[in-house]
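Q: Hi, I'd like to go through this one with you, a bit at a time. Can I show it to you and then ask things as they come up?

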Amino acid sequence: MRHNWWRWGLVLIAILVVFIPSQLWLKQRITQYKSNYRTPLNPTIMVPGSSASQNRFDALITQLRKETKRTHSVLKVQVAENGRITYTGSIKRGDNQPFIVIAFENNRDGYQNINKQAKWLNLAFKDLVKTYRFNHFSMLGHSNGGLILSVFLEKYLAATPRVTPERLMTIATPYNMESDSTTKQTAILRELIKGRKRLPKKLTVYSVAGTENYSSDGTVPANSVNQGKYVFQNQVAHYTQITVTGDDTTHSDLPQNKQIVLLIRQFLLKETLPSKDRFPVTTQPQSRDASDADLP
Amino acid sequence: MVGWLRELWRLNQRVGQWRAMRAVREALRVAYPFILVMAFVDVIGQGFLSKSGFFFQVYHVGSWLPGIDLWRQSLQAVSVVVNGLVAVMVAFTTGHYLAKIYRTEPLAVGMMSALAFLTLNVNYDALGQGGHGDTDANFLEVNLGPQGIFLAILVGLGVGWLASHLMRWLATWWLRHRQVTLSWTGRVAWTLTVVLGLTVAVGYGISWLVDGGINNLVYLALQTLNTNVGHQGLRILAVTAVSNCLWWLGLIGPIDVAGNSSVTSLQNLAYAVQHGSGWGAPYPVTLHTLSDAYANFGGAGMTLALLIAVWIGSRQASYRRVANQTFLPNLLNLNEPTLLGLPVLFNPILFIPFVMAPAVNIAIAWVAITWKLVPPIVYPVPRTTPGPLVAYLGTGGDWRALLLSSVCLVVSVLIYLPFVRLLNDEGSVDHAA
């Protein structure tokens, strides 16, 4: 029994050797969980273009529901000029891939208006995050909706630090407004290029253009859509440009164009399509879904 | 109380006289050193080298140990061989000792029972598949490891008894009808034919009924019981108690279905990540938050508490020796060597605290969690985390959980102590090591 003291000492040392490192590990592990954790809720935020209401995507959504055989509940949001937000529809319980359409009372075109709309989008976005507590989402913008989303990403998203955007698809978004020029930059393009460093580094962007002829979809010049590369290329993780031709490729038909619906399913909703419908990509955009925290 | 303990003691003595019981204890005694070595291999392999090991993560072993894959693979090789065949060894030793008691051919009977055990675990589904490629293993390998120990003991006892009697009967029959002694080869060969014929028939019959052999039948039943526990305290208590009873019988493992990755645990984790702590988690009372956190120190039956009770109260040199030898594996929740070495398995006296200690702890934890004295564990912890730290780390470092763990440990030691003292009176019958 006279050796008891060193035995107890040994026990004490053993406890410390286990306890202190585990303490450090714990801290590290929890921050890791917090940064890697992704909510099951993974909404797609849709923003229509100028002169369109929150019902702009109804045809697209009906089409998507029919093809994907999933409910995809829809929440429609309208932001008034004074910032008041009205909701119609709802996100159904258990639906983790809902669509949220955000439209604006003032839905006019023009540099000033687009900037205002981005600010309103931010108001609605913050309210949505607070209500539904998602921490990752994807975006779909049609026409000027893509500009509103881009401005929002550069100017306002940083204010909601723990929410990460994953994918952005813009359909016929005129990054250089209605200008056909490849050299002259309009105000909105200049602004987007100036702020491009603030774009989320892990974002994947798809810019889809439709063309009726070699230069335009009837409303937006192909050259203007092309200017998007000066904003996104080398700023975000992946930037892909896709051009769709054929039937239903006029500017306003694009969101429900069959080809584009397939692109939305494949790239934005990350569905696995049958090979005949799949857009051939040699290097599949790297999926970040798999890199979840490894559970023991 | 004392009278009751005396009754228990008398029961223990009576059971200890049974031939079968003596054979089982001897068999476990022989298997113990092998399992002990394996436990240390597992301590290093699972605790320090495996990616999900506690010490691997805490000490960041991967970043400073060169050639980690080499270490892993070589340890795995040892582990696969010995850990994977523990049950076969137990079948052999049980048959061997029973034959010794019946004074027939111990070695031959031991081998027979090992073979019989193997025939029960042949992968009958793989046999008819022809030779194109590596379709399936020839044996149901999982059943040959620790979780096959119960079946191995049964087979060892059955074959030991049958073969011993058959041999003796054959010898006399031969002598009477042929007027010559039956040769040793003849006795063994005829007996082996009968035994294998029987076990193949049984094994094949069962493979028609269920995939995975006899063992799987039991495990399937248990798993359905386990996976549907829901979150009522009483059912969790019952399931854990049943599971511990089975551990005591040598049916090791089925409780493992509970764990970090069940749906409720993941939802709790999601909640904790969003809210910063486990307070108010959607599923505060589950098998994981009660049993894994507070009733599993050292593994099933709170064997860590048993070891401490042995240190405090046992005068049996063999017990103290086993306690010292198996402390480290127990700290990492690998308690097979303790169960086989002490032995806890088939020990009528230790059965009561083995089932009671976890049950009492679950009750304590349940009260503490429902009264909101401690938050439930929400963060995943490695399986090899030292028992008393599981709750502390799982709650994200809540000192109240650590306090509750210590309370649980002390209570369990107190539950074990009178039974360990009772075993002090055990005569010079040497059990272990």
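Q: Where in chain B is confidence lowest, and where is it highest?
A: This is a predicted model, and within chain B the lowest confidence falls in helix H11 (residues 213-227), with a mean of 66, while the highest is in helix H20 (residues 399-422), at 94.

Q: And what is the mean pLDDT of chain B?
A: The mean for chain B is 84, with 88% of its residues reaching 70 or more.

Q: Which residues of chain B stay under 50?
A: Among them are residues 130-134 of chain B, for which the model has 0 contacts beyond four places in sequence, and residues 428-433 of chain B, for which it has 17 such contacts. Where pLDDT is low, the coordinates should not be read in detail.

Q: OK, domains now: how is chain B divided?
A: Chain B has domain 1, covering 89-210, and domain 2, covering 228-425, and the centres of these two domains of chain B, taken over C-alpha atoms, are separated by 37 Å.

Q: How many residues are in contact between them?
A: Domain 1 of chain B contributes 5 residues, which are in contact with 6 residues of domain 2 of chain B. On the domain 1 side of that contact in chain B, 4 residues are nonpolar, 1 is polar and none is charged.

Q: What ipTM does the predictor give the complex?
A: The complex gets an ipTM of 0.72, along with a pTM of 0.73.

Technical notes: Residues are numbered from 1 along each chain as its sequence is written. Chains are lettered from A and ligands numbered from 1 in the order in which they are written. This is a predicted model: local features need pLDDT of at least 70, side-chain atom pairs count only at pLDDT 80 or more; totals for chains, interfaces and linings use all residues. Domain bounds come from an automatic or database domain assignment. Two residues are in contact if their C-beta atoms, placed from the backbone, lie within 7 Å. Ala, Val, Leu, Ile, Met, Phe, Trp, Tyr, Cys and Pro count as nonpolar, Asp, Glu, Lys and Arg as charged, and the others, Gly among them, as polar. pLDDT is the predictor's confidence in each residue, from 0 to 100. Helices (H or I, at least four residues) and strands (E, at least two) are DSSP runs, numbered from the N terminus.
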